[in-house]
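Here are my notes on this one, in the order I'd go through them with you. Have a look at the model first.

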Amino acid sequence: MGGIASPASGSSDVLVIGGGLQGLSSAFQLAKAGLRVRLLEAEYCGRHASGVNAGGVRTLGRHAAEIPLALAAREQLWHGLADIIGSDGGFVPSGQLQVAENEADAIKAKARVAMLNGLGFFHEQWVDQQQVRELVPSISPHVVGGIWADRDGYALPYKVATAYRLAAEKRGVQIVEQAPVLRVDHQSGMWQASTAQGAFHAPWLVNTAGAWAADFAAQVGDPVPMVAGGLMLMVTQRVAPFVKPVLGAMGRPLSFKQFDNGTVVIGGGLRCEADASQRHAMVDLNRMPKSAQTVIDLFPHLRDVSIARAWTGIEGFMPDEIPVISPSAGADNLVHAFGFSAHGFELSPITGCIVAELVTQGTSTLPISAFRVDRFTAA
Ligand SMILES: Cc1cc2nc3c(=O)[nH]c(=O)nc-3n(C[C@H](O)[C@H](O)[C@H](O)COP(=O)(O)OP(=O)(O)OC[C@H]3O[C@@H](n4cnc5c(N)ncnc54)[C@H](O)[C@@H]3O)c2cc1C
């Protein structure tokens, strides 16, 4: 190994490890800021979570620390994506609704909205039974209300990933695929990423290797208790249009949406086993009926609709379910962005902006102290 390998020759200012959405949006924003960027991807861009997720553009239900980022992503980026990267990524501002199925759920929902209002956030609104009926006329009568986020929606993951990739390349980002980084070293102010295609060098390194990022973090002195886990989704055959917003439930893990073509994608935290070393997660059919039953409880007329297909993705989960978006605590000129714990699609456009700010200015205009890489070890 040694030297700069083809096909991506020439020097760069930043090496980005991982061509998921966090890496692609970081590469795009770094190049937009005038830096020469090379992105190293083990397989192909968007191959893992970023290309196969449920596409939920959701600010609703987030950890308080994530809300400023989620709102910035939605308002500054998702609603104007076409102007920024040349494609809207299939974004549909359908709104997202989390339904309360009983009085206990309703109390919880109202308390959450009041808590958010107390923090100065007004993007989630309590809606009563009548308002829920107006939003989703065919919903089961047992639903008593819900939380509504009117500017949320959904997009098509593979379209968003492709659009970010093309926009990044247009800005001069060199993407090297089939180049798994085997290790990283920092010597004399230069990072070296060793791959089977050769070694690549740059003064700055960005670690956006998704479910595999903790290995690199540990190598540079930033150990994190992240675990790789699998998530499943299933899609039904086509049914007549019955729901516009993306739906979730207060009391049970569920998220589903109906596309224009009539198919319904069902997920929402459906976990399965994953083998990160094999880069593979297995569909577990035994865990699927519960989610399908929740959908049927809410929409009894779907009782006889069949599931056409199911698939999985691998995600990095943090113990506190919020990501790491942080300068390294153990090494210079290194930024981490990983561990998005099943809700990083919506955040991905803003992650790139934050990473670019951290590299070019050493600080972020959005509050990111909750996402420090050393939060589990510093205490
Ligand atoms: C089934 C499913 C449904 C989801 N639904 C939603 C949703 O509705 N809304 C939402 O907001 N979020 C959702 N998520 C979460 C979201 O998809 C992820 O948080 C997000 O895509 C993570 O992006 P990433 O770039 O960190 O990771 P990834 O997309 O996994 O990208 C990491 C990349 O790094 C590469 N890599 C790994 N190791 C190396 C190496 N050694 N060298 C070079 N490259 C390497 C990988 O090949 C991969 O391409 C879902 C996730 C899954 C799996």
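1. The UniProt record (an unreviewed entry) puts "domain: FAD dependent oxidoreductase" on residues 13-358. The end C-alpha atoms of residues 13-358 sit 14 Å apart, and the span is 28% helix and 29% strand. Helices (H or I, at least four residues) and strands (E, at least two) are DSSP runs, numbered from the N terminus.

2. Bear in mind that this is a predicted model: local features need pLDDT of at least 70, side-chain atom pairs count only at pLDDT 80 or more, and totals for chains, interfaces and linings use all residues. Residues are numbered from 1 along each chain as its sequence is written, and side-chain values use heavy atoms, with hydrogens and water left out.

3. The protein chain splits into domain 1 (14-54 + 158-225 + 320-371) and domain 2 (94-151 + 227-317), with bounds from an automatic or database domain assignment. Their centres, taken over C-alpha atoms, are 30 Å apart. Where they touch, 17 residues of domain 1 are in contact (heavy atoms within 4.5 Å) with 14 residues of domain 2.

4. Where's the ligand? Domain 1 and domain 2 both give residues to the shell around the ligand, so it lies between them. The shell holds 36 residues (a heavy atom within 4 Å), and the closest are Glu41, Ser50, Gly56, Val181 and Glu315.

5. Now the polar contacts (N or O atoms within 3.5 Å). A side-chain N or O atom of Glu315 is 2.5 Å from a ligand oxygen. For Asn53, a side-chain N or O atom is 3.1 Å from an oxygen of the ligand, while a backbone N or O atom of Ala54 is 3.1 Å from a ligand nitrogen.

Methods
A polar contact is a pair of N or O atoms within 3.5 Å; within protein, one must be able to donate a hydrogen and the other to accept it, and residues adjacent in sequence count only if both atoms are side-chain atoms. UniProt positions are given in the numbering used here, feature names are shortened, and annotations may be inferred rather than shown by experiment.
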